[in-house]
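Dear colleague,

I am passing on the structure below, together with some notes on how parts of it are packed. Please read the notes with the coordinates open beside them.

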Amino acid sequence: MSSTDSAVPGVPLLRVSGLKKSFGDNEVLKSIDFTLNAGKVLVLIGPSGSGKTTALRCLNGLETPDAGTVSVAGDVTISFDEPVTRKQRLALRDCSAMVFQNYNLFPHMTVLQNVIEGPVRVKKVAKAKATEDALRLLAQVGLAEKRDAYPFELSGGQQQRVGIVRALALAPRILLFDEPTSSLDPELVGDVLRVMKDLATEGWTMVVVTHELEFARQVADEVLFLDGGVIVERGDPRVIFTAPREERTQQFLARLLHPLD
Amino acid sequence: MPTPNWDLFWRSLWPIVQGAIVGTIPLAIVSFAIGLVIALVVALMRLSKVRIVSSIARFFVSVVRGTPLLVQLFVIFYGLPSIGLLISPWPSAVIAFSLNVGGYASEVIRAAILAVPRGQWEAGQMIGMSHRQTLARIILPQAARVSVPPLSNTFISLVKDTSLASLILVTELFAQAQKVAAFSGEFMLLYLEAALVYWIICLVLSTAQSRVERRLDRYVVH
């Protein structure tokens, strides 16, 4: 599962600018800008309601931004300032795959069926080939022997690893993680984070929304701290976590690190 | 209380069962099958974002549920000929019953579709499926599980409602019992006998229902 993206060197794989999104009167994103180079990991942190999940969902077309531009080098550039066609939306969605907070596995399908559904039904990969790829990916996350199990027979950590494999099987250019460990029992969080760290090491381009600061510290190339729909601070995780410049960042990190103070 | 005429009971059993075999059961199955197709279409129309489409569906459901089945049967069989539309008993019954099932079951299916978590739609979209593909592959199979108990009720009600078809000259279970009753004068015996046969059919259906539920249960947490 090597993933060295053949993006043009020096040109960011993902470029987001002026991204805005409101739900009714609630302005969730007030102009967000960032870029991400191929093979890098971007982590979004911030209090709930800060807009980090909405930003992520805009990248997969699960939300349609009100304004702004999203471009994936070589594939698609969409300006949301004007009406977006279905074709454009699908092209953007095709670039990424999402891992959900609540896994959202298909409960009526086995693990293997969950993984090959997208490749076989949407990408029209031959079933034998899709199965072979799926089993290799499942083996990589230690779930080969669970291929015929239904999601309800798995622990949360196992389900989320299947969720990750389902995303990988789509062979996306960018992996999106929406609080992938927030629904897990604490002792299962490590299994999922380790898989994600391995993916980063292999060179996958990732955007991760998480509260796991230790993961961000070890794996992220850049951290964005969002609050109130804007990016308050950005930078190298070692810098942000040890010496945050902005007061809001300091308060947020303090609450996360010392919840009882 | 006079002793029941057991001889008549046994001799009339076969004609009554025959009525079930050629009338009641096929009438119920055919009407239910067509009714489910109507129900699915109506349910999807009601969920449509296009106002006029959902209004048409709502109107249909309102008419079906707001008028007696017997009246619907009579309008189709005795009423339509006066505007030149002559439909024979069996098709008339199938039309009335399947529209009826369509109206009631559409609400069941609509509720079942709405009961599938939104995350399932999103996961379907995420892997690149169209709305239609997500519906067919992800949502409806899960909605089907939720729908089985209420739809079984609809089917069992339908089996009993088919007795109304005797009033538009369809040869079925109750019409057969009535024929023997009128001819022998043993009304109590024959009507209880008809009731017994309906009950047995419904018992079999209930058993079938729990088997289907068990089968569909295989992916649900116990």
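In this predicted model, α3(B) passes α4(B) in a right-handed crossing. The two helices, α3 with residues 69–79 and α4 with residues 89–115 of chain B, pack at an angle of about 140 degrees, and their axes lie 9 Å apart. Because angles over 145 degrees would count as roughly antiparallel and those of 65 to 115 as roughly perpendicular, α3(B) is described as oblique to α4(B).

On the side of α3(B), the contact is made by Leu69(B), Gln72(B), Leu73(B), Ile76(B) and Phe77(B), while α4(B) contributes Pro89(B), Ser92(B), Ala93(B), Ile95(B), Ala96(B) and Asn100(B). Sorted by class, this contact of α3(B) with α4(B) comprises eight nonpolar and three polar residues, with no charged residues.

Turning to chain A, there is an open sheet of four strands in the order β2-β1-β4-β5, with antiparallel pairing. Its edge strands are β2 (26–36) and β5 (76–79) of chain A, each of which pairs on one side only, and the twist from one strand to the next averages 15 degrees. Within the sheet, β1 (residues 14–23) and β4 (residues 67–72) of chain A pair in the antiparallel sense over five bridges, and Arg15(A) stands opposite Ser71(A) in β4(A). Helix α2 (residues 86–95) of chain A packs on this sheet, where it touches β4 and β5 of chain A, and its direction makes about 125 degrees with that of β5(A).

Key
Residues are numbered from 1 along each chain as its sequence is written. Chains are lettered from A and ligands numbered from 1 in the order in which they are written. This is a predicted model: local features need pLDDT of at least 70, side-chain atom pairs count only at pLDDT 80 or more; totals for chains, interfaces and linings use all residues. Axes are lines fitted to C-alpha atoms, for helices over the stretch in contact, and angles run from 0 to 180 degrees between N-to-C directions. Angles under 35 degrees count as roughly parallel, over 145 as roughly antiparallel, 65 to 115 as roughly perpendicular and the rest as oblique. A crossing is left-handed if the near helix is turned anticlockwise from the far one by less than a right angle, and right-handed if clockwise. Two residues are in contact if their C-beta atoms, placed from the backbone, lie within 7 Å. Ala, Val, Leu, Ile, Met, Phe, Trp, Tyr, Cys and Pro count as nonpolar, Asp, Glu, Lys and Arg as charged, and the others, Gly among them, as polar. Two strands pair if DSSP finds at least two bridges between them.
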